[in-house]
Amino acid sequence: MKVLYHNTKEDTRFLWSQKGLCKAGERRILETGKREKRGIDMKIQSVTMAYFSPCGTTKQAVCSIGAAWHGRKQMQWDMTPVTETKTRIHLQEQDLLIVGVPSFGGRVPMTAWERLKQLTGHQTPAVAVVTYGNRAFDDTLVELQDMLQSQGFMVAAGIAVVAEHSIMHQFATGRPNEEDCAQLCAFGTLILERLEQIGVQPVTLPGNHPYVERHGGGLVPLVEQRCTGCGACAEHCPTGAISVEQPMQTDSIRCISCMGCIAVCPEQARYLPEQAVKMLSEKLGAICSVRKENQLFLPEQSS
Ligand SMILES: Cc1cc2nc3c(=O)[nH]c(=O)nc-3n(C[C@H](O)[C@H](O)[C@H](O)COP(=O)(O)O)c2cc1C
Ligand code: SF4
Ligand code: SF4
């Protein structure tokens, strides 16, 4: 297997063989550990993994990357449920933040944006992670970077991860798979090495200003009669759009079309109208069918 990642320079491409990879949960033993201890990474005492992940792929990606810091103090913050609006997290210079959001229409989902305001840093190094369903991530990475910077973080690396499309599941089905997760862990190791070599340097990430315009979701899941009223969907919904007392009722104004309720329903009682998914698939089929690779963006290394 060949793994491709590329730097911010369009023309700088590296190929890595499987030897360079580590499985999720393992950490490659770094030669740098034997060298003189220098650079910021040696000061990193804890790693916070934060994610907005209605359907679970962003969580998987962030945790696979975080596995490279195995052995350090680790903390996870799932910012998805509506109950997380009151959480406040403040990180220091010696902490590292790995934060992931899915791309919705090429942008950071508004709800994730709101939750991210609850995270503050103090010149804290951060890794910005975006998952996308094999179409494009457009301006999501750069928007996430801008957001993090305004909250006191220094984005030292960016990663774009290909993940199963949560509306059109026929695209990037099953991704991130085992190979992807191993590659993401290897990306984490490369970031760690770069931090040790050059300290925290800002990275240039792909994307435009102004960002691509937001387009409303409008796809509100329907509920079948076999719903048992267990409430798992209401508990998981990021916006509180599903009635806790009557989960068959969904507030279409609050719904952000994240598909999280479909993903967690144990009865497979929630679904999208077939015709709507078919139309979207026909519109985006050509671009979504071309396989995309995960990408790692690091600061340029001065010679
Ligand atoms: C409302 C919505 C908009 C999306 N927009 C895009 C997009 O612009 N480009 C893309 O490639 N994937 C898009 N996707 C797919 C998601 O980015 C992808 O499935 C992601 O892995 C979902 O993350 P999660 O599993 O953590 O919820 C969209 C999904 C939803 C629900
Ligand atoms: S009701 Fe809408 S916002 Fe809530 S989980 Fe379902 S798709 Fe997401
Ligand atoms: S998770 Fe499924 S079964 Fe449970 S309340 Fe929601 S729709 Fe009904």
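## Shell around ligand 1

In this predicted model, the shell around ligand 1 is made up of 10 nonpolar, 14 polar and two charged residues, where Ala, Val, Leu, Ile, Met, Phe, Trp, Tyr, Cys and Pro count as nonpolar, Asp, Glu, Lys and Arg as charged, and the others, Gly among them, as polar. Of the 26 residues around ligand 1, those that come nearest are Cys-55, Thr-58, Pro-102, Gly-133 and Ala-163, a residue being near if its C-beta atom, placed from the backbone, lies within 6 Å of the molecule.

Helix 1 (57–66) and strand 8 (124–132) each contribute at least two residues to this shell; helices (H or I, at least four residues) and strands (E, at least two) are DSSP runs, numbered from the N terminus. Ligand 1 lies between domain 1 (2–210 + 291–297) and domain 2 (222–271), because both give residues to its shell, the domain bounds coming from an automatic or database domain assignment.

## Nonpolar cores

The largest nonpolar core has 64 residues, of which Ile-65, Ile-98, Val-127, Ala-128, Val-129 and Val-130 touch the most other members. Such a core is a set of buried Ala, Val, Leu, Ile, Met, Phe, Trp, Tyr and Cys residues joined through C-beta atoms within 7 Å, and buried means that 20 or more other C-beta atoms, placed from the backbone, lie within 10 Å of the residue's own. Helix 4 (residues 178–198) gives the most to this core, with nine residues. A second, separate core of 13 residues includes Cys-237, Ala-241, Ile-242 and Met-259.

## Basis of the description

Residues are numbered from 1 along each chain as its sequence is written, while chains are lettered from A and ligands numbered from 1 in the order in which they are written. Local features need pLDDT of at least 70 and side-chain atom pairs count only at pLDDT 80 or more, whereas totals for chains, interfaces and linings use all residues.

Technical notes: Buried ≥ 20, exposed ≤ 12 C-beta atoms within 10 Å, placed from the backbone.
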